Amino acid sequence: MSRTLLLFAWRDLVRRPWQSGLMLLGVVLGVAVMVSIDVANVSARRGFSLSTEAVVGRATHRIEGGPSGVPEAFYVQLRTLGWQDTAPIVEGIAIAPDLQDRPLRLLGIDLFSDAVIRPTFGLDAWTQAGAERFFLEPDAVIIPAGLAREGGLLPGDRFRLFLGNRVADLSILGVWTPPENDPSEALDDVVWMDIAAAQELTGTTGRLTRIDLIAARDDVPGIAALLPPGVSLVPASQQAETVRQLSDAFQLNLTALSLLALMVGMFLIYNSTMFHVVQRRQILATLGVLGAESGQIARLILGEAAAVATVGAVLGLPFGWALGQTAVRLVTQTINDFYFTLSVRQAPLEPATAAKAVAIALGAALLAAAGPALEAARIPPVAAFQRSDLEERASRGVGRAAGAGLASLAAGALLLAAAQRSLALSLGGMFGVLVGLALMVPLSSRILLLGLVRLLPRLRASRLRWGLRSVVRSLSRTSVALAALMVALAVTIGLGTMIASFRQAVDDWLDLTLRADVYVSSPLGSGSQPRGDISPEWESRLGSVPGVARVEPFRAAQVATEFGPARISAVDSYRIRDARLYRSSSGTAEEVWNELRQGSVLVSESFLQKHGLRFPMPPLTLTTDRGPRSFSVAAVFYDYSSEVGTVMMTQEVYHQFWSDRWLSSLGVFLAPQASFEDVARGVRNVLAGTGLHVTTLGDVRQRALAIFDRSFEVTSALRLLSVLVAGVGMMSALLALQLERAREVATLQVLGMTPRELGAQILLENGIMGVLAALLSVPTGLLLAWILTKVINLRSFGWAIPWSPGLEPIAIALGLSLLAAWAAGLYPWWRVSRAPIAERLRAD
Amino acid sequence: MRPPTARTVMILLLLGLGFIGVWLTTQVTAVPDIRSGEVQFASGGVRPADFARVTAPRAFSFPEDHGPHPAFRTEWWYFTGNLFAQGGSHFGYQLTLFRTGLAPHAGERASALATDQIYFAHFALSRPNGAYDSFERYSRGAAGLAGSSASPPEFWLENWSVRALDDVGDAFSLSASQGELTLDLLLTSLKPVVAQGEAGMSRKGPEAGNASYYVSQTRLATEGTVGEGGRMWQVEGTSWFDHEWGTTVLPPQVVGWDWFGLQLDDDRELMLYRIRRADGSFASVSAGTLVEPDGSTIHLTAEDFAIESTAEWRSPRSGATYPSGWRIRVPTAGLDLEVKPYQADQEVDAQIVYWEGAVRVMGRSRGAEVLGVGFVELTGYAEAMQGWF
């Protein structure tokens with residue numbers, strides 16, 4: 001390419017700082033959004049892999065029991081029979097009140113046997129001076145260096161942990177530093193203790209949480225033959241797999257989000273580039289007239305787009321990384337709320353992420369510039385001077401896009417219908433629907449606007465008619481931005497409606513399930529995970545507080561069913577649960593409860609969905625501490641507290657088949673006429689010094705909803721972000737359009753229109769665009785919400801949620817859209833009223 | 001019921017069929033290996049000074065003194081032996097149980113796994129084909145995983161065990177297996193328990209308290225089986241049982257010791273040890289015991305014997321160079337012996353690397369030809385023993 005042309009391109013870019021800047025901004029934002037989600041996603045996934053790896057170590061299997069674990073005597077038996085590659089674990093989840101209530105994993109280990117399975121500590125760790133205290137002192141812990149740094153803790157310091165109803169005052173015996181160059185953050189949420197001390201601290205003397213072991217395939221039958229009742233041998237990969245599956249649904253969601261970011265980002269880059277090129281059709285044609293070869297011009301256009309896209313992408317990377325830091329915090333929080341304790345300390349920008357973002361930005365920009373480049377190379381310069389030529393081609397494109405859109409819509413609908421229980425296929429179907437509707441935007445907006453023009457009385461509202469026609473005329477250049485904005489708004493409406501419907505369903509359900517006046521729970525019970533053990537003696541202790549009518553014990557634990565792991569909810573049998581809680585049942589609420597008292601169980605809706613079952617169903621087999629037992633299923637109940645599925649039974653039945661006597665929470669009911677304040681104070685006094693939380697009905701409800709909201713924080717943040725990005729895209733399209741019309745506007749001004757009138761016209765036209773985008777997005781958004789609640793939600797979590805559209809998400813979409821459109825009118829308006837007319841007439 | 005939660009759900013959905021597969025594959029990052037880390041411990045803790053020390057000879061009584069002596073920090077039960085299958089092929093075995101007290105007086109604990117005693121054990125077996133393997137195990141001395149007792153005398157770590165067949169410890173059943181190797185032996189003592197050193201006190205250094213109590217059964221008739229893979233050998237031979245306890249600290253400059261336990265076919269046994277310093281010289285506390293056929297003993301001091309090494313062997317694993325043949329003279333006992341390992345490589349590959357091997361003996365005893373077998377222990381050649389004992 002000749003130097004002259006390069007110089008020309010450079011000067012042109014510099015001479016139009018607004019247009020060039022907008023294109024650059026478009027690329028920067030698009031890349032930033034893509035990168036941020038990618039950073040969060042990759043970091044969370046890596047954190048998960050590392051902690052799994054660090055904890056599973058070389059173990060091939062694990063031996064685990066029911067809620068009360070594995071008898072320690074079985075471990076001794078295994079060892080004395082010569083099974084040496086076995087390591088006992090006593091695990092507890094704790095809260096560190098002095099470290100911002102951070103959840104930590106308390107791992108009780110045997111230093112010697114653990115060294116065989118996990119490389120955390122070497123076999124000679126015990127020979128170091130001071131190490132003997134690890135065995136001797138029941139309060140000695142070793143903490144990882146990351147945690148020590150964070151809490152400013154040194155060997156010899158003390159720190160507190162809340163475990164169930166106990167407050168442990170621990171002494172930091174040692175600080176563990178990972179080997180050089182090792183990403184250690186995976187273990188930053190672990191506190192190590194001697195296994196005996198951990199048993200004493202968690203009140204599980206005689207029991208182990210599990211035994212990790214390395215076993216060859218030939219060894220498995222030998223070990224399996226020794227297992228006591230209620231204890232099973234499972235491959236380590238399967239255990240990791242269960243956790244992985246749990247988090248996979250979440251990761252898939254994040255991936256879907258990043259695809260949204262990608263789509264909006266590509267739209268934006270495409271739009272910015274196309275606009276930049278189309279605007280200069282005439283200048284480029286002039287170059288042709290002056291003798292530049294068509295190939296040269298095409299290369300110039302493509303090269304310029306590539307250069308701007310590359311610069312924008314590189315500038316976007318740090319922004320994306322910064323946004324990613326926030327995103328990863330939100331993601332980690334949600335994972336901690338629902339799945340397991342995960343600490344993700346680093347969210348670096350991986351080269352792969354950066355390369356991917358740059359490549360996508362470059363691809364989108366080249367794709368956008370390809371059309372104009374080809375065109376510039378092909379068409380005679382004289383046609384390029386005519387705007388009409390461009391518009392003619394654009395209107396032919398409208399029909400083709402609408403046709404493709406219809407096809408995509410149909411394909412998406414078919415896919416949704418055919419996807420059955422596949423989440424990925426369902427998502428694909430929804431994507432098809434969305435893309436189809438986006439492709440139909442040019443046609444539908446044209447029909448909508450021209451229809452309006454026709455409807456409006458001829459003489460009155462002439463300004464409005466003028467504005468409408470003007471908008472129609474500009475559609476050839478704004479419809480891509482319009483489609484992007486429509487998609488972003490529709491997603492906002494769809495997600496907003498779905499979340500609101502979901503929240504309403506959860507709220508109603510809380511009403512039905514939360515009936516006690518005061519709840520007592522471990523501080524760990526913040527999520528759906530049954531964490532923390534409360535000693536059963538608290539039931540009678542709380543019952544003796546004056547003014548307390550009843551105390552309802554509750555236990556949640558993980559058990560194995562014939563279909564896989566499920567949660568058990570062991571509830572008080574006294575109170576009959578509301579009929580509205582049952583989705584399907586074998587009789588009235590009283591009859592169901594009577595069956596329950598006689599040993600039947602209830603299963604949750606999600607359990608049924610997850611395993612593709614139908615009610616009535618045959619008896620369900622559960623692995624109890626007395627071996628496998630069958631339980632008849634009396635009803636299916638609504639439950640939003642566990643996505644693995646819940647099996648409900650009475651405390652009596654639970655105690656008959658399981659040895660676990662711990663409680664997860666207690667509900668306290670007030671006697672009539674008892675003062676709430678007095679009882680709450682009485683309960684707090686009794687619990688003083690235990691670390692147990694006393695929460696009122698209102699608090700529990702609020703906390704549940706707060707967790708709900710928190711889990712949608714990433715979603716909300718991203719949906720706003722994509723609207724913002726699309727809004728900026730829309731703004732830049734409209735702004736460029738207005739700048740291009742500067743001469744036209746100046747002419748109008750010379751003809752007698754006042755700056756005020758012109759300003760109003762600009763705002764009117766932009767307002768029409770804003771309303772148009774919002775109008776198009778409402779039906780799309782509601783359709784999306786319907787798909788989300790009725791199809792996707794049911795398929796991914798097994799929860800049926802009523803579709804209840806509200807006005808709020810729609811109002812927000814309209815507001816955002818108008819805001820973007822009017823913001824785009826501000827600068828042209830300012831120019832109209834300030835800059836000298838003559839200068840603007842001369843422009844371009 | 002618990003507060004619900006909502007999951008995240010669904011969330012987001014949107015988009016993306018074809019993309020999903022491709023995208024997910026790009027998310028997988030390699031997981032690096034995690035090696036062992038280092039622990040920085042708080043200062044303070046249990047010092048050797050808190051344990052009892054050996055300062056004077058004492059009377060022993062059995063079976064009580066076969067059992068553990070937790071007031072002292074370190075204790076070991078050492079079984080070694082030379083076994084012969086039909087046709088004379090030779091096996092050497094070692095089964096040692098070490099006890100390390102973490103504290104002399106620990107408080108009561110609720111958990112059965114709580115412990116103040118750490119046990120570790122070494123099991124080694126040399127076979128006629130020149131193969132030699134050694135193994136090491138560690139365990140807490142709790143919940144029956146590992147331990148020792150006096151009545152009846154028993155010492156075990158998981159399924160490596162020595163259990164007395166009577167109340168006093170004149171006969172033992174010894175059993176150990178690891179991988180394809182198994183060892184099952186019956187040991188019957190042929191002589192009374194010998195108090196080694198000065199009436200059972202064995203000095204490690206010149207200062208008071210730096211000594212251990214040391215008793216032995218120097219000749220135990222042994223029979224049983226050795227197994228490897230599917231093969232099984234009937235074997236018989238002789239074993240040697242040492243039991244030593246104390247709270248010793250190696251004096252500065254001392255890097256290890258050489259120990260000899262030889263069983264001669266004139267029914268005498270000779271035990272010698274010498275404490276070796278970094279410069280290659282030997283400490284004057286080096287000593288020995290000669291056991292006569294009737295079980296009576298003669299205490300030997302450093303001046304009574306001379307040991308001269310006649311060969312060397314360099315370990316390809318640790319790089320350490322060990323003496324690998326000796327000429328031992330005890331003029332007062334009329335002994336002039338050539339001692340040679342059955343095989344050069346009998347290096348125990350454990351946290352502490354040392355050489356412990358079966359040897360054959362020939363020479364003259366009071367003028368007559370004599371043959372014999374025994375075991376030799378060479379410590380501190382691969383790394384100094386400081387800090388371990």
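Helices (H or I, at least four residues) and strands (E, at least two) are DSSP runs, numbered from the N terminus.

**Ground rules.** I note that residues are numbered from 1 along each chain as its sequence is written, while chains are lettered from A and ligands numbered from 1 in the order in which they are written. This is a predicted model, in which local features need pLDDT of at least 70, side-chain atom pairs count only at pLDDT 80 or more, and totals for chains, interfaces and linings use all residues.

**Confidence in chain A.** I looked up pLDDT, the predictor's confidence in each residue, from 0 to 100. Chain A has an average of 80, and 82% of its residues score at least 70. Where pLDDT is low, the predicted coordinates should not be read in detail.

**Cores.** I took a residue as buried if 20 or more other C-beta atoms lie within 10 Å of its own, exposed if 12 or fewer, and partly exposed in between, with C-beta atoms placed from the backbone. A nonpolar core is a set of buried Ala, Val, Leu, Ile, Met, Phe, Trp, Tyr and Cys residues joined through C-beta atoms within 7 Å. The largest one has 164 residues, and A:Met486, A:Leu489, A:Met730 and A:Ala773 are among those that touch the most other members. Helix α17 (residues 462–513) of chain A gives the most to this core, 24 residues. A second, separate core has 156 residues, including B:Phe91 and B:Trp355.

**A:Val520.** I found this residue in strand β12 (residues 518–521) of chain A. A:Val520 is buried, because 27 other C-beta atoms lie within 10 Å. A:Leu542 is 22 residues from A:Val520 in sequence and 9.4 Å from it in space, C-alpha to C-alpha.

**Helix α27 of chain A.** This helix covers residues 807–834, and its end C-alpha atoms are 40 Å apart, which agrees with the 40 Å that its 28 residues should span; the expected span is 1.5 Å times one less than the number of residues. I also noted a kink of about 30 degrees at A:Leu826, shortly before the proline A:Pro828. The bend at a residue is the angle between axes fitted to the seven residues ending there and the seven starting there. Buried residues of α27(A) include A:Pro809, A:Ser817 and A:Trp829.

**Chain B.** I looked up one helix and 26 strands here. Of its 389 residues, 50% count as buried. Strands β17 (residues 287–291) and β18 (residues 297–301) of chain B pair in the antiparallel sense over five bridges; pairing requires that DSSP finds at least two bridges. B:Thr289 has B:His299 in β18(B) as its bridge partner.

**Loops of chain B.** The peptide bond from B:Phe62 to B:Pro63 is cis, with omega near 15 degrees. B:Arg366 lies in the loop between β25 (354–365) and β26 (368–378). B:Arg366 is not a glycine, yet its phi is positive, about 50 degrees. With 10 other C-beta atoms within 10 Å, B:Arg366 is exposed.
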